[in-house]
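Colleague: I would like a close look at one helix pair in this model. Please take me through the packing, and then what surrounds it.

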Amino acid sequence: MRTTPLPPSSYAGSKILGQTVIGILSILVIFIAAAVGEGVQLPVLQWVESILWIAIGSFPFMALGILIGLVGGVEGSAMIGNGVYFILSILGGLWWPLKMMPAWIQALAKWTPTFSLGDGAWKIVAGKSIGLHDISVLTLSFLVLLLLIVWMARRNLSLSA
């Protein structure tokens with residue numbers, strides 16, 4: 001970030017755009033493997049909705065990765081990232097059903113981007129509409145993380161000047 005003349009917001013935007021392209025290609029490969037290799041069958045609209053939901057829903061996680069890189073630097077990013085994603089995965093109910101967890105974790109989980117991304121995907125596959133809550137949590141998470149990225153990048157740049 002220190003070597004580019006781009007403002008922090010442009011830097012973050014370009015990183016997210018690049019990762020989105022790579023992400024969509026990865027999603028397509030996985031979906032083709034599911035359809036061809038495993039016989040997964042969904043209506044075309046559900047395939048398209050799923051691709052878009054996963055691609056757009058991953059924005060907060062891309063922003064989180066950029067933020068972790070800014071905070072942890074080269075040395076600490078992997079450790080911080082693994083810890084954060086581990087906690088988000090558990091809190092979001094991705095590793096085991098939320099019903100197995102205490103009530104306070106179940107309530108907290110519904111406000112994590114991991115839960116909202118997964119919940120929206122399950123709704124698409126079930127033929128239901130994605131809830132406004134899931135969209136709101138992912139959008140708010142993304143915006144808050146973007147603001148933190150810009151703040152942290154400006155802070156890092158002013159410290160190095």
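Predicted model: local features only at pLDDT ≥ 70, side-chain atom pairs only at ≥ 80, totals over all residues.

Is the crossing of α1 and α3 left-handed or right-handed? Please put it in context.

Modeller: The crossing of α1 and α3 is right-handed. Residues are numbered from 1 along each chain as its sequence is written, and side-chain values use heavy atoms, without hydrogens or water.

Now the geometry. Two packed helices are described by the angle between their axes and the distance between the axes. For α1 and α3 the angle is about 125°, and the axes lie 10 Å apart. Axes here are lines fitted to C-alpha atoms over the stretch in contact, and angles run from 0 to 180 degrees between N-to-C directions. The pair is therefore oblique. The classes are roughly parallel under 35 degrees, roughly antiparallel over 145, roughly perpendicular from 65 to 115, and oblique for the rest.

Who makes the contact (heavy atoms within 4.5 Å)? From α1 come Ala 12, Lys 15, Ile 16, Gln 19 and Thr 20. From α3 come Phe 59, Met 62, Ala 63 and Ile 66. By class, that is six nonpolar, two polar and one charged residues. Nonpolar covers Ala, Val, Leu, Ile, Met, Phe, Trp, Tyr, Cys and Pro; charged covers Asp, Glu, Lys and Arg; the others, Gly among them, are polar.

Several of these names return in the largest nonpolar core. It has 15 residues, and Ile 16, Ala 63, Ile 66, Leu 70 and Ile 149 touch the most other members. Such a core is a set of buried Ala, Val, Leu, Ile, Met, Phe, Trp, Tyr and Cys residues joined through side-chain atoms within 4.5 Å. Buried means under 20% relative accessible area, exposed over 50%, and partly exposed in between, with a 1.4 Å probe and protein chains only. α1 (8–37), α3 (59–91) and α6 (132–160) each supply at least two residues of this core. α3 gives the most, with eight. A second, separate core holds six residues, including Leu 98, Met 101, Ile 105 and Phe 115.

α1 also packs on α2. There the angle is about 145°, with the axes 10 Å apart. This crossing is right-handed too. α1 brings Ile 24, Ile 27, Leu 28, Phe 31 and Ala 35, and α2 brings Trp 47, Ser 50, Ile 51, Ile 54 and Ala 55. The tally is nine nonpolar, one polar and no charged.

Look at Trp 47 in α2 (residues 44–57). Trp 47 is buried, at 18% relative accessible area. Leaving out residues up to four places away in sequence, Trp 47 touches Phe 31, Ala 35, Val 40 and Leu 42.

Ser 141 sits in α6. Ser 141 is buried as well, at 15% relative accessibility. With the sequence neighbours up to four places away set aside, Ser 141 touches Pro 60 and Pro 113.

Finally, the whole protein. It has six helices and zero strands. Helices (H or I, at least four residues) and strands (E, at least two) are DSSP runs, numbered from the N terminus. Of the 161 residues, 37% count as buried. The C-alpha trace spans about 55 × 40 × 30 Å along its principal axes.

Terms used. Left-handed = near helix turned anticlockwise from the far one by under 90°. Contact = heavy atoms within 4.5 Å.
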